[in-house]
Structure formats: C-alpha cells, structure tokens
Amino acid sequence: MTFIHAKVEAVVKKKAKKQSKRKKPQKESNIRTDVWQLVMTQEQRRLAVLTVAEYRHFLKPLVLISYWNWGNLSGLNSNERVNALEKLVHQTGDNPNPKYYWYFQKSIGRYPSFRKFPSYLRRAAIQEALGIVSSFVTRWDAWKRGERKHRYDKSPRLTVMCNSYPALYKGQQIKYHSNFNAVELKIWNGADWVWMQGVSIKKHGKSRHTREGAKLLSPALVANKRSVHLSMSVEVNPQSLPDSDYVCAIDIGINTTATCSIVGSYGTVKARKFLNPARDIDRRDQRKQRIATKSKLTRKITNQDLPKGFCQGLYRKSKNINKHIAQTVSRQIVEFAQKHQVNVIVFEDLSNWKAKGGKHGSLQKQRFHQWCKDKLVELTIQKFSELGAKVCKVNAKYTSAYAFDGSGKIKRSNKKYSQAVFPNGKRYNADLSASYNIGARYWYAVLTNSKFTRVWAGRSSSQTLRTPVTLSTLWELSKA
C-alpha cells in the first residue's frame with residue numbers, strides 16, 4: 001500500500017509540474033515608449049556617450065554591493081532598499097562613515113565624475129542595481145528548483161557590466177522647453193557636470209504625450225556610436241470606446257497569417273479581409289531552407305553534430321523577419337477594426353498549442369516552430385488597448401473543424417488545403433469559416449452569460465447530440 005501511495009503521489013506531482021509550465025497571461029500595462037530623436041553636433045554626441053559611460057562605471061560597484069548585502073536588503077520594500085543601499089555608499093552629516101564609501105573615494109582619481117555625482121542620478125543607479133540583483137536572485141532560485149526551459153540549461157549569471165542607460169529625472173537631469181521642441185540635459189564634460197543647452201528634438205515617435213490623459217515619465221538617455229535619443233516612457237490613460245454590435249474575429253493560420261471578419265451579435269457578417277505578407281514569408285522561408293541545406297551538408301561531411309552558433313546569422317535574420325511580420329499584421333488588424341468602429345477584437349486561444357505535424361528538420365516543422373502567433377496577439381493587445389478597446393480570447397477547439405452554417409464537420413480539399421467542403425456540398429474558405437465561428441463564440445458567451453472557454457452549445461445530456469458553437473448558433477438564438 002505504501003508503494004502505491006508513493007506512486008500516486010509521484011503522478012500527481014508530475015501533473016502539477018506539467019500544469020505549472022503553461023504560459024500565464026501577462027498583465028496589461030498602460031506604459032508605452034516613444035523614441036525622441038535628438039539633433040546634436042559631433043561634440044555634443046561625444047559628451048552624451050561619455051555621460052553614459054560614467055554612469056555605467058558608477059553602476060558596476062553598486063551591483064556588487066547590492067548582491068553582497070542582499071540578505072539584509074531582501075526583506076525591505078523598494079523605498080527602504082534604496083535608502084539602505086544609499087547609506088552604505090554615500091556620506092552625509094548624519095551618516096559620516098558609510099561602509100563602502102572608501103571605494104568611491106579611491107576611484108575618484110580614475111573616475112573624476114564620482115566626486116560630484118548628481119544625487120538623482122545616483123539614486124537612479126541604485127534603483128537599477130537593486131533591480132539587476134533582484135532579477136538574478138529570482139532566476140537563480142527558479143533554476144535551483146528545477147524550473148528550466150531545458151533540462152541542461154546553465155545557471156544564470158550576475159551581470160555586472162550592464163549596457164544600461166541613465167534615467168533622467170525632470171528638473172534634475174532634464175528640462176523641457178515649451179511644446180517639447182527642445183530639451184536641456186545635464187551631462188559630464190570631462191571636468192564637471194554641466195547643462196547642455198537647447199538640444200532640438202527632431203521627432204517625437206508616435207507623439208503619445210499629446211494624447212488626452214497621457215503622463216510623461218522619466219526618460220532614458222540612449223547614447224552610442226549609432227545614435228543619440230531619448231527613450232521616453234509615457235503612461236497612457238485612454239477613454240473606453242463606445243459599445244458596438246459587432247466584433248472583429250481573427251483566425252491565425254500557417255498558410256494565411258490572419259483572416260479577419262466583422263461579426264454581429266445576430267450572426268451578420270459585414271466585412272472580411274485576408275492578411276498575408278507573402279513577400280516577407282518567402283524571405284523567411286528561403287533563409288530557413290538555406291539553414292536546412294547547410295546543416296545536411298555539414299553533417300554529411302563532418303559526421304558530427306552541428307557546432308554551437310551554426311548559421312546564427314541566418315537564424316537572426318529569420319527571427320527579425322518574423323518580428324516584422326507580426327508588427328505589420330497586428331497594425332493592419334487594428335486598422336481594420338478601427339475602420340468598422342468595433343471595440344473588441346477576438347482571437348482563438350493558442351497560447352498552449354503545440355504542433356504535431358511535420359517531420360523533424362522539414363520546412364513544415366520549421367514553419368510551425370517560427371509561427372509568430374503569440375507575438376501577433378501580444379502586439380495587437382498592446383496597440384488596441386491604447387485606443388481604449390479590448391482583446392478577448394475564446395476556446396479554439398473545433399473552430400476550423402466545423403462549418404459555420406451548422407451542417408457539420410468539414411473536409412479539406414486535397415488540391416487546395418485552404419478550401420473546405422461542407423457536408424451539404426458547399427465549398428468555402430476554411431480560414432474564413434473559422435473566423436466566423438470565433439466571432440460567434442464570443443457573442444454566444446456574452447448573450448448566454450457563459451465563459452469564453454465554452455465550446456458546446458446547450459447543456460450536457462446523454463440523450464441529445466451536442467454540436468460546437470458556430471455562426472449558425474447565433475442565427476438560432478436570434479430567431480428564439
């Protein structure tokens with residue numbers, strides 16, 4: 001009996017571990033980032049890069065000091081941590097002998113900026129150092145518990161040499177001119193901390209700061225060899241859009257990236273659109289085909305496994321093309337929804353879906369692996385929520401398998417997989433039919449006050465054969 005109980009307990013733990021691996025929905029944030037391009041001379045650009053370098057030199061010892069004293073800092077809240085770490089490094093009248101003040105005094109000869117380092121910039125560096133250490137400790141504890149993407153993942157490392165950029169507090173490190181046409185920045189000129197006057201702003205990104213209810217937060221000064229700009233954080237507080245009798249239903253696919261339809265609460269479909277950036281998809285697949293060809297030749301010649309970093313350039317380009325596809329299609333989805341004045345976009349929930357088709361190493365398997373379904377939904381949520389609208393997800397089960405007219409299960413054409421044959425002989429686009437069913441599931445849940453995870457119409461009964469919710473279900477509800 002003891003052996004059986006131990007075996008049952010092991011099975012329960014295994015199931016719990018599987019469930020814990022599921023992706024958790026991320027909380028929506030109202031903070032967005034605009035890129036404000038600055039117009040600078042060559043000398044001004046050099047000073048901006050020098051300021052960032054001095055900030056990083058100051059940040060490095062703070063990360064180490066935070067880690068050494070994390071046992072005392074971890075039990076405090078965020079403000080108490082900043083004050084406690086500041087007392088360890090900064091000398092004042094009430095704190096004449098800080099524990100690590102000697103290091104910063106010793107480093108003044110090498111880094112003169114430490115002598116009169118601005119107080120608000122010091123606190124920004126302290127907050128960043130605490131964030132770096134807190135992130136490392138969290139990831140280290142998770143790794144020790146066995147929460148890893150792969151079994152043999154290496155342990156996380158504490159990043160001391162951080163490529164961070166300084167946060168600029170209003171009135172202390174940055175001052176705005178009227179209409180935000182120019183700014184003044186506090187920078188290190190090699191001898192002292194001075195104000196850089198009249199730096200013009202060329203572009204304001206998407207100009208989110210001009211929207212009603214928007215609030216400017218502290219920007220970051222991004223300065224490197226390529227460009228100098230302000231990474232401006234803006235807290236957007238959009239007003240909710242008016243209610244509509246229509247929603248924009250989206251079916252995400254491999255062959256067609258997104259199929260959109262405007263579905264009404266009575267089952268009326270008034271608009272349809274196919275979004276498929278074929279040119280970008282071909283560019284991505286060509287690079288994947290090159291990787292497959294090179295890997296076969298390399299294995300054939302060397303008779304060994306592929307080395308680390310094999311074809312990393314092609315992998316990087318393929319990944320960036322995928323990001324571009326997600327950005328382009330998500331923007332077109334939002335524009336289509338705005339055009340028809342809907343306040344809800346409905347997706348099928350594919351967050352925990354895994355591909356089963358395709359042989360190992362085949363192009364089809366690679367296309368499934370590179371499918372940007374999650375990124376597409378994430379970007380659409382970010383863009384549509386800025387407008388005061390919302391994005392919902394419904395259960396994806398049987399949305400593509402059943403015909404929208406309620407005739408039953410569909411059959412895919414052998415010659416053209418995107419074409420579906422309904423049981424009544426009707427031929428229709430399978431992705432378009434699926435988008436109708438996705439919109440119908442949203443309205444069925446709203447009208448019957450049920451959950452969005454619901455699949456079947458009606459209640460459970462052993463005497464009646466239930467069918468999934470399709471567009472025809474809304475037609476029946478409107479007649480009742």
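This is a predicted model: local features need pLDDT of at least 70, side-chain atom pairs count only at pLDDT 80 or more; totals for chains, interfaces and linings use all residues.
K116 belongs to the loop between α5 (101-106) and α6, while D192 is in the loop between β3 (182-188) and β4 (193-203), so the contact ties together parts that are 76 residues apart in sequence. K116 is exposed at 55% relative accessible area, whereas D192 is partly exposed at 28%.

## Buried pairs

A search of the whole structure turns up 13 salt bridges. One of them joins the side chains of E86 and R122, at 2.9 Å from N to O. E86 comes from helix α4 (residues 78-89) and R122 from helix α6 (residues 119-144), so this pair links parts 36 residues apart in sequence. E86 is buried, with a relative accessible area of 11%, and R122 counts as buried too, at 7%.

Then there's E386 with R208, another salt bridge at 2.9 Å, N to O. E386 lies in the loop between α10 and β12 (390-395) and R208 in the loop between β4 and β5 (215-216), so the two tie together parts 178 residues apart in sequence. Both ends are buried: E386 has 10% relative accessible area and R208 has 6%. Shared partners extend the story, with salt bridges joining R32, D34, R208, R211 and E386 into one network.

## A positive patch

Over on the surface, K149, K319, K323 and K375 gather in a patch of positive charge. Of these, K375 is found in helix α10 (residues 373-385) and is partly exposed, at 36% relative accessible area.

Notes. Residues are numbered from 1 along each chain as its sequence is written. Side-chain values use heavy atoms; hydrogens and water are left out. Patches are made of residues with over 30% relative accessible area and no salt bridge: like charges are joined within 9 Å, nonpolar side chains (Val, Leu, Ile, Met, Phe, Trp, Tyr) within 5 Å. Accessible areas come from the Shrake-Rupley method with a 1.4 Å probe; for residues, only the protein chains shown count as cover. A salt bridge is a side-chain nitrogen of Lys or Arg within 4 Å of a carboxyl oxygen of Asp or Glu. Lys and Arg count as positive and Asp and Glu as negative; His and the chain ends are not counted. The place of a charge is taken as NZ of Lys, CZ of Arg, CG of Asp or CD of Glu. Helices (H or I, at least four residues) and strands (E, at least two) are DSSP runs, numbered from the N terminus. Buried means under 20% relative accessible area, exposed over 50%, partly exposed in between (1.4 Å probe, protein chains only).
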